[in-house]
Each structure stands twice: as C-alpha cells, then as structure tokens.
Amino acid sequence: MKGTRFLLAPYAVALLAVGSGLLLTLLLQPLLLQPLLKPSIFLLFFAAVAISAWYGGMEAGLLATALSTLAVSYFFLEPVFSLLVTSLDNILWLGLFVLVTTVINLLNSELRTAKQHLQTSLQKLQVSEAKFRRLVESNIIGVIVGNMDGAIAEANDAFLGMVGYSQEDLQAERVRWRDMIPPEYIEANNSAMPTAGYAYAELTSKGVCQPFENEYIRQDNSRVPILFGSALLENSPNEIISFVLDLSKRKQAELALSKSEERYRAFLEQSSEGIWCIELEVPISPDCPEDEQIQHFYQYVYLAECNNVMAQMYGCSRAEEIIGVRLGDFLVPSDPHNIAYLRNFIRSNYQLIDAESHEIDKQGNSKYFLNNLVGIVENGLLVRAWGTQRDITERKRAEAALRQREDELRLITNTVPVKISYVDGEQRYRFNNKEYEDWFGLPASEISGKHIREILGESVYQSILPYVETVLSGEQVTYETQLPHKDGTNHYVNVTYIPQFSQQEKVAGFVALITDITLHKLAEAALKQSEKRLKILTEKVRIIPWEVNTTTGNFTYVGPQTFEILGYPLSDWYTDNFWAKYMHPEDREWAIQYCQESSLSLNNYEFEYRMLAADGRVIWLYDIVNVVRDENGPQLLHGFMIDITDRKQAEQEREQLLEREQAARTDAETANRMKDEFLATLSHELRTPLNAILGWTQLLRTRKFNEITTGRALETIERNTRSLTQLIEDVLDVSRIIRGTLHLRIEMVKLVPLMEAAINTVYPAAQAKEISIKCRFDPKVEVVVGDADRLQQVMWNLLSNAVKFTPKGGTVDVQLKHVESSVQIRVSDTGGGIAAEFLPHVFERFRQADSSRTRSHGGLGLGLAIVRHLVELHGGTVSAESPGIGQGATFVVSLPMKSI
C-alpha cells in the first residue's frame, strides 16, 4: 500500500498544483482577462507544471501540462466552457504553452536525473570510503598516502608495525618511504627485479604501478620483504596511495618449502628405493567398475616423475629417459598377476603395501618389484598415485632357484634308498623324504611338526635319546639299532645324526640318515659261514685266499698256500707294506694305484701283476678282489691270488714265435717284391739297348747306307753294347758281393788322375746337358792304398748319378781334401734332391726313390749299393745328404790313408 501511495504521489501533486493554479487564476480572472494581460492567464499554470515536473518528474510534468491546457481552453478561452478552440490566436497561445511546458518538463527531468546520479555517486563514494577506511583501520594490509618525494602523510598501524615505527614518528615526519628503500632497490629500472626507479617511471607514465616485490629497511635496520603497489591520486600528480603487504611469512614458507623440496630431491636421489609418481591424463571415479578402471589405467596412466634409482631399475641411466612412458610399457598387461595387482590396488581404496608386480625393463627383460603405493583422489576423482618400489628380481630368481633346488633335493632324496629326515632343535620333524614316510606308513602332513616321541613311541624314543642329546650338543653320531616297521616287525637300521649349525654357531637341528641293514645283517652272517667254508676249501688247492683291512692296508688273513707258491712264511705277510715291497718294480706303481681307485668305485674287480718269490723267481698272479663297504667307504678287501706263471710263459713263447714268423714273412714279402721290381727294371734296362742294337743290325743287313749313316749306326750299336756290358757287370758285382767273392787288387793309387779319368768319362754326358763340373783337389792328397779299378768305379757311379739327376744347366761340384787321418771325396749336384724318408734306404740294393716303369731316369738301383760295398771293402764310409726334394744332393766318401 505504501508503495502504491509513493507511486501516485507525483500525479496527485500535479493535480493539486494545476487545481491550485486554476483556482488562483479564476480568482484573478477579472484582472488577467484584460486584453493586454491575456498571456498572463498561463503564468500560474507554468508554475503548476514546473512544480509537478520538479516533484514528480517528466510524467507528472506532462500530466500537469495536459491538465493545464484543458483548464485554460475550457475556462478562459473563447468559447468559454468548451474544449473547442476556434481562434487561431488562442491555438497559437495554447501551442506555445505546451511547447514551453514541455521544455520545462525536459529540463526538470534532466536536472532530477543528474541529482539522482549525484546522490547515487555520493552514496557509493561514502560506501567506498567506508570500506576503504575499514580496510585501512582493520590493518589487514599496510596502506600509506604520500607524495613522490618520499614523504608519508598517512599510514595505518599495519604499515607502521611492519617497518617498526609509531604514529608519533609519522606525525614527527620521521617516516619517509624513500629512506626505507635499500640502496640496491634505488637503481634504474631492471626488468628482472623491479626497483624504485621502475615504480617512479610507472607512476609518472601510467599513473599506476603494478605490485612488485621489494624490501623496506625497518627502524632497527633489519629488512622486511614486502609486496608494493601504488597509484597517483586523481587531480594530484604528486600524491600517491600505496598498499604494502608483509611477505615475511610467505618468504619463510617459501624458504621452508624450498628446503623441503631440496630435502625431497635429496631423498629422491639418495634413496635406495625407486620413488615415482604416475598421473592420469583423464581422472576416473573410484565408483567405476574394476575392469573399466583397469582398462582406463592402461589407456591414460603415464609416469610423471621418478628418481634415478627407479630409472636404473629399468635399464636407463637417468630419470629423464623414462619420464612419460605409459603404464603398459613396463607393467605387462598379459600377466594375470599384474591384473590381480591392479585389482588389489582398487579394492584397497588405492593403498597397497608390499605388493609384487611383474614388469619389463628397457631391454625387455623380466623384472620383479615390491611396491608401496597410494592413490590421490581430488574432487571425487583419482588423479595420480605416489609410490616406492624395490627391485626383488634377484630375490625372485633366488626363490625360484631355491624352490627348484628344494624340488631337486626332494627328488634326489626320494630316489636315494635311505630314509632321510630333518629334526629341529625342539626335536620336531621339519622334513622327511618318501622313504621315511613309507617306513611308518604316514603322509608328510601327519609327520611334519610332530615330536619324534609321537612317531617312534616312548620305548624307542628313550633308547635313542642319548644319541639325540649328543647330536644336539654338536657332535655327529652313528649307531645301529632296531626300529619298528609298519609291517609290525623290527628291522636292523644304521643311523647317522649330522648336526646343523646356525650362523651363531648354535645347533639348529640335525639330519637323520637311516639305512635298513636287515638284509645286510643276514647276508653278513651268511657270508661269514661261506667264508669259513671257502677258507677250508682253498687251503687244499693252489690258490692263495687273502683279506685286507683298508684302514691299515695290512693283511688280516693269508692262506697257507703262499709258502708253497711264493716261498714267504705267513708271518711276513702281516708286516707293513709287505705286498707292495715284494711286487715287481715295473708293476708296483700302476697296480697299487689301480687297486686304490677300483676299491673306491667298484664292488668287484680283477687284475694281473708280477711278484718276486723268495728265491728271486718272477711269479705271475691273477688277483680277484671283492670290496666290502659301508656308508663311510671301503672297509674290507678279500679275494684270491691265482698262480698263472705257467700260462704267462706259454703266452710269451707263443707271442715270440708269432713275432718271428711275422718278421720272416715280412722279410720274404719285401725280398720277393724287390726281386720282382728288380727283374722288371732289369728287363726294361736290357730291352732298351737291345732294341737299338737289333734295329740297326737288321737295317744294316737289309739296306745299303752311306758312310755317315753307317758310322752312326755302328756308334749306336757300340754305345748300347757298352751299356749292356755295364749292366751285366753291375749284376755280376752284386752277385759277387752277395756270395762274398768280390776281391780287391791292392796297390798304391793316385786319386787325382783317377778322379780326372772318371770326370772325363762322364764329361760328354755332362756337356750334352750343359752341366758344369767344378773340381777342387787338395794338393796334399797324394796316394792311397786300394784297388784303382774299383775306386774309379766308385767315382764313376757317383759322377754318373750326379749328371743323370741334375737338370740342364746345372752344376756338379767335386772336392778332394785331406781330413785328419782320412781322405774325403765330396760329389754335390743341384739336381732333384732326395726325400728325407728315402735317405736311410738310398744305399740299399734294388731300392729306388721312383721304381715305376714311367720313371724319368734309367738304372737298376744297384750303383749306390755297389759304391757302399766297395768303399766299405776299402775300410771307408759313404753317406748321403740332401736338404730335400729339388734342392740337390751330396755324397761323401771317406777313405783311410792306409787301407786295411
């Protein structure tokens, strides 16, 4: 209702003002209707419109204008009491009235609007000034009003407290902002660090200085970090208003944060664990299904931060090399264990402790890590996760190897025919192999963890308790006893307890090795009976039964036959090292070694060796050995020594006869082969000159030739005849040598003429092959005693061989010199040489390096054999030297100065 009245009030004022103007005009009508005063009728209505517009605004003013126009036209203009105006003059007056009143309304409206704006601005200014004053007086920030010269006119307590001054200091003008600026902040503008010069330039050019960090010097000369911003006051280019924020706490927080960051970085770098942070490019709600979250992780999770230790776990040198990799790049999605790992992370409300993951490094190698991680949820979404990890790859490998070794150990222990058990220090079972479990007929689950008394029974436990206490004191124990079997019978067993020590050298438990020796005991009894009968039997035959203790190495029993076979009394056999002492020296080392090695690995073995009898005879023995052993190795050796001397002698005689037969057969085969080769060579060597002789003889009989051809034919026949003669002479010489009928005609022989004659004989052949023969004769050599023809034959054979085997253009060197008490003849050539393997056979009869029919040089292979025999008949020696094939050969003949 009040609002409605407020809205109608301007119009009521307009109606009242027009009514008042109408009433006053009617009262003054007689005066106002005079012709000269006719325009004065509108004066009071002008006032009514002005009052209405002033009070009610444009709308009220227009209402007053309309009401005034109606009132004037009805009451005062002709025709009176009619709204119809016919006079043009009256119409003009009414139009002028409406125009003027409209202008009045507009002016009043503008004035009213300006007044309202002014009032609104004043109200806002008052509110703003109140707020500013409240801000200043609240001392939340420091506020100062001063001038560009450094003076401070006003400052709140916050600022004064910040710089250590009081209001009295301010009133006494002892507080100046320029004096509080440190010297380094009064330098010229620096974009990296805004200074006082920067603030001055900003204020003078822009009127406003944006906030920047600075320092003020307090009254006590300490410094306070501040955030400073200022602006020039309007219409006062020298006055400024500034706010100042104390940054001490923020700086301290920043310093603490920086130190914390340094500590954090140092922790990252020095930590032995990998530290990491993963981010989700697209956060996800924890309310999403597990499978959707896991798929989301592999799609959007990446490594945002880590230390170098973690990077090195993946084969990188620095963290920068691995930052940014996706989750699937190192957490294998195909491994069900990793999917379970992520499910546990989700189900644990994103907090996991000591969770294992299977990942791959940069090279694709499998890695296992132990992780602690926590997810960060912000605004209801999982955005990141922090975690640490330790590389447990080696531990996992060790565990796998340990499991494998445990499996192998169980497999091995299950295959060993020994009952094996491990008992801890509290006498409770911790491990049993299958043999042990089968002995009692109980599964492992019913034995493991139980006290040995519960399994063995009270009576058996009391009987073995002393041994258990002994092994728990740290000593190994071995004993024999009887244990109940699941079949209800008692079995003989051999038991060994081996203590197991902890790192503190305390007994943590022991291993029990139990062997069923029931059959062994029965066999042992039967064996003793058998040995007793065997001893009685062997004492009556030519076999030496024996028994040796392996611990001492001495005989414990030897049959009485030893005296008959070897001649030693029984008492000698029981002395130390008797067996080794009287063994044949050639057999002693290997026989003892063989016996020792065989006894360690074999249960039965046999061997043959020789022993020396008391009378010096060599006796062959065939020894059959049986080894009796227990868990500690061989304990007893026993066997039989059988005299096989007669058999060995027969074998040796048979072997010698066989060797002689084989040697004779080989010699016969060799002689037969050499004979065949010699006959083949002889046939070839005879056929060649005979063919030439026979051919020319037939031609000379059947044809007529001139003298030149006839002379050449006769020369050929003569040359081949001499060749045949030489071949026959060589064969005859060999025959004489074999029969021993070759004799020498001893005389004084001058070697130089003899050698020159031999050289002249082979010279034509050497000249035909352009072979140079060089002679070096020692003048000190004069004569020797010998057969001149045979010595010449020696020289001719050596020289003809040298020429025959020297290629065209080669050289033959002949030397004669005096060496001590003998004469040495050396014939060297540059021919084909002699192979090293043929050198020992070069002087043998019928031996040629190339005995094939296609050989390049002729001859029967008798020349050098004849040379050797002739030289030896003269008391000399002949030898051949050659570096090898293609490097020539040298033949050296040494003759004594006086022949035998």
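Helix α25 passes helix α26 in a right-handed crossing, a crossing being right-handed if the near helix is turned clockwise from the far one by less than a right angle, and left-handed if anticlockwise. The axes of the two helices come within 9 Å and cross at roughly 35 degrees; axes are lines fitted to C-alpha atoms, for helices over the stretch in contact, and angles run from 0 to 180 degrees between N-to-C directions. Helices (H or I, at least four residues) and strands (E, at least two) are DSSP runs, numbered from the N terminus.

This is a predicted model, in which local features need pLDDT of at least 70 and side-chain atom pairs count only at pLDDT 80 or more, while totals for chains, interfaces and linings use all residues. Residues are numbered from 1 along each chain as its sequence is written, and side-chain values use heavy atoms, with hydrogens and water left out.

On the α25 side, the residues that meet α26 include Leu-754, Met-755, Ala-758 and Val-762. Their counterparts in α26 include Leu-791, Met-795, Trp-796 and Leu-799. The residues of this contact (heavy atoms within 4.5 Å) divide into 15 nonpolar, 3 polar and no charged. Here Ala, Val, Leu, Ile, Met, Phe, Trp, Tyr, Cys and Pro count as nonpolar, Asp, Glu, Lys and Arg as charged, and the others, Gly among them, as polar.

Helix α26 (residues 788–805) also packs against α27 (residues 863–873), with axes that come within 9 Å and cross at roughly 145 degrees. This crossing of α26 and α27 is left-handed. From α26 the contact uses Arg-790, Gln-793, Val-794, Asn-797, Leu-798 and Asn-801, and from α27 it uses Gly-863, Leu-864, Ile-866, Val-867, Leu-870 and Val-871. By class, the residues of the α26 and α27 contact are 7 nonpolar, 4 polar and 1 charged.

In soluble globular proteins, nonpolar side chains tend to be buried together. The largest nonpolar core here has 41 residues. A nonpolar core is a set of buried Ala, Val, Leu, Ile, Met, Phe, Trp, Tyr and Cys residues joined through side-chain atoms within 4.5 Å, where buried means under 20% relative accessible area, exposed over 50%, and partly exposed in between (1.4 Å probe, protein chains only). Met-795, Leu-798, Leu-799, Val-812, Val-827 and Phe-891 have the most contacts inside this core. The elements that each supply at least two of its residues are α25 (751–768), α26, β24 (811–819), β25 (822–829), α27, β26 (877–881) and β27 (889–896). The largest share, 8 residues, comes from α26. Leaving aside neighbours within four places in sequence, Met-795 is in contact with Leu-754, Met-755, Ala-758, Ile-825 and Val-827. A second, separate core of 32 residues includes Tyr-341, Tyr-350, Leu-373 and Ala-385.

How many helices and strands does the protein chain hold? There are 27 helices and 27 strands. Of the 900 residues in the chain, 38% are buried. Among contacts between residues at least 6 apart in sequence, 53% join residues at least 24 apart.

Glu-480 lies in strand β13 (residues 477–484) and is partly exposed, with a relative accessible area of 46%. Not counting residues up to four places away in sequence, Glu-480 touches Val-493, Asn-494, Ile-517 and Lys-521. The C-alpha atoms of Glu-480 and Ile-514, which are 34 residues apart along the chain, are separated by 9.4 Å.

Side chains of opposite charge can pair when their charged atoms come close. The whole structure contains 30 salt bridges, each a side-chain nitrogen of Lys or Arg within 4 Å of a carboxyl oxygen of Asp or Glu. Glu-281 and Arg-326 form one of them, at 2.8 Å from N to O. Glu-281 lies in strand β6 (residues 274–284) and Arg-326 in the loop between α10 (308–313) and α11 (327–330), so the pair ties together parts that are 45 residues apart in sequence. Glu-281 is partly exposed at 46% relative accessible area, as is Arg-326 at 26%. Elsewhere, salt bridges that share partners join Glu-290, Asp-291, Arg-343 and Arg-347 into one network.

Arg-223 pairs with Glu-215, with the closest N and O atoms 3.1 Å apart. Arg-223 is partly exposed at 40% relative accessibility, and Glu-215 is partly exposed at 22%. In the salt bridge of Arg-218 with Asp-220, the closest N and O atoms are 3.7 Å apart. Arg-218 counts as partly exposed at 25%, whereas Asp-220 counts as exposed at 53%.
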